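Welcome! Take a look at the display, then read on.

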Amino acid sequence: MARQFEIICDSACDIPRSVCEEQGVTIVPFYVSFDGEKYEREEIDFAVRDMYDKMVANAGVYPKTSLPSVQDYVDYMEPLVNDGKTVLCITFTSHMSSAFQSAVAAAELVREEHEGATVVVLDSEQATVAEGLFLKQAIRLRGRGLEVHEAAQQLIDIKKTSRIFYTVADLEYLIHGGRIGKAVGIAGSVLKIQPMIVFKDGELEAAGVCRNRTKATKKIIDLLDSYAREGNLNLSDFDFSIGFGYDPQEGQALKIMVETYLKSKGATANVEVYQIGATIGVHNGPYPLGLGVMKRV
């Protein structure tokens, strides 16, 4: 079956570039800088693994991210349009970045230069593994032969089913990035608390604190359970994706816990594991750990 449209997504989806290429998805990279001057493209000029190694080895150094420019998006859209392709461009949440605005501006420029071109830009309102799940749904819809506007509407309809339940090992990066207050950070450093955070509707919400990593990891399962019970959800209808930072063993351990929980609920679902990329990693420190969920189309 011929594809009805091509998909462009940014690197904040945290699905490896090689996997995306196999699925026929074009990735537009975000940029990262460790010195505030030289910005490098994620997974092109540097590997995410190397970024985490630098963060662990250089405590107190805070890398910065920069979004793809309008011209970046134009450069990725134009070759597809030149080939007569219809394009669906999915972006990182507009609540945390201007990537969506850059992509919209680029699409307007491309349409002006190429009369009749169809370029649909969609704000995923997702981040990291949830954006990856959103991309997965887009690939699935394309595989069913849907045309781009119908696929886009179905994607819009499932946005609010998404959650990320996660924790970080160190409050320092959240304080530095202005995500939490310094007073909370001071208390956290004394008490060794780990914040629990829920990402929903494109934004972060506090979900309590835990005294250690073991309890924080178990709390991720508790948050999933609460979400499922409150919504009376059939978890077999959902996709799941785990994100880890520096330590891949944490990701695998959480996967086992999630699979055990799902089995106890009689749910059948695939649980994927990916390394959290630069876009979220630089703001959460080297040890984020979380679970993304989204209803399957």
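**A first look around**

Asn-232 sits in the loop between H9 and strand E11 (238-244). Please keep in mind that this is a predicted model.

- Asn-232 is not a glycine, yet its phi is positive, at about 50°.
- With 72% relative accessibility, Asn-232 counts as exposed.
- Asp-201 also has a positive phi of about 50° without being a glycine.
- You will find Asp-201 in the loop that runs between E9 and strand E10 (203-210).
- Asp-201 is partly exposed, and its relative accessible area is 32%.

**Helices H9 and H10**

- Helix H9 covers residues 213-230 and helix H10 covers residues 248-264; the two pack at an angle of about 35°, and their axes are 11 Å apart.
- The crossing in which H9 passes H10 is right-handed.
- On the H9 side, the residues that meet H10 are Arg-213, Thr-217, Lys-218, Ile-220, Ile-221, Leu-224, Asp-225 and Ala-228.
- Their partners in H10 are Glu-250, Leu-254, Met-257, Val-258 and Tyr-261.
- Sorted by class, this contact of H9 with H10 has 8 nonpolar, 1 polar and 4 charged residues.

**Helices H5 and H6**

- Helix H5 (residues 128-143) and helix H6 (residues 148-158) cross at roughly 145°, and their axes come within 10 Å.
- H5 and H6 form a right-handed crossing.
- Phe-134, Gln-137, Ala-138 and Leu-141 of H5 meet Ala-151, Gln-154, Leu-155 and Ile-158 of H6.
- The residues of this contact divide into 6 nonpolar, 2 polar and no charged.

**Thr-128, a buried residue of H5**

- Thr-128 belongs to helix H5, and at 5% relative accessibility Thr-128 counts as buried.
- Leaving aside residues up to four places away in sequence, Thr-128 touches Ala-12, Cys-13, Asp-14, Ile-164, Ile-276 and Ile-280.

**Gln-194, a buried residue of E9**

- Gln-194 is part of strand E9 (residues 194-200).
- Its relative accessible area is 8%, so Gln-194 is buried.
- Apart from residues up to four places away in sequence, Gln-194 touches several others, among them Thr-167, Val-168, Ala-169, Gly-208, Val-209 and Cys-210.
- Arg-213 is another residue that Gln-194 touches, and the side chains of Gln-194 and Arg-213 make a polar contact (3.5 Å).
- Arg-213 is also one of the H9 residues that meet H10.
- From C-alpha to C-alpha, Gln-194 and Glu-172 are 11 Å apart in space, and they are 22 residues apart in sequence.

- How many disulfides does the count come to? The count comes to 0.

Definitions and conventions. Residues numbered from 1 in each chain as written. Predicted model: local features only at pLDDT ≥ 70, side-chain atom pairs only at ≥ 80, totals over all residues. Heavy atoms only, no water. Disulfide = S-S within 2.5 Å. Axes fitted to C-alpha atoms, helices over the stretch in contact; angles between N-to-C directions. Helix = DSSP H or I, 4+ residues; strand = E, 2+ residues; numbered from the N terminus. Left-handed = near helix turned anticlockwise from the far one by under 90°. Contact = heavy atoms within 4.5 Å. Nonpolar A, V, L, I, M, F, W, Y, C, P; charged D, E, K, R; others polar. Buried < 20%, exposed > 50% of the residue type's maximum accessible area, 1.4 Å probe, protein only. Polar contact = N/O pair within 3.5 Å; in protein donor to acceptor, adjacent residues only side chain to side chain.
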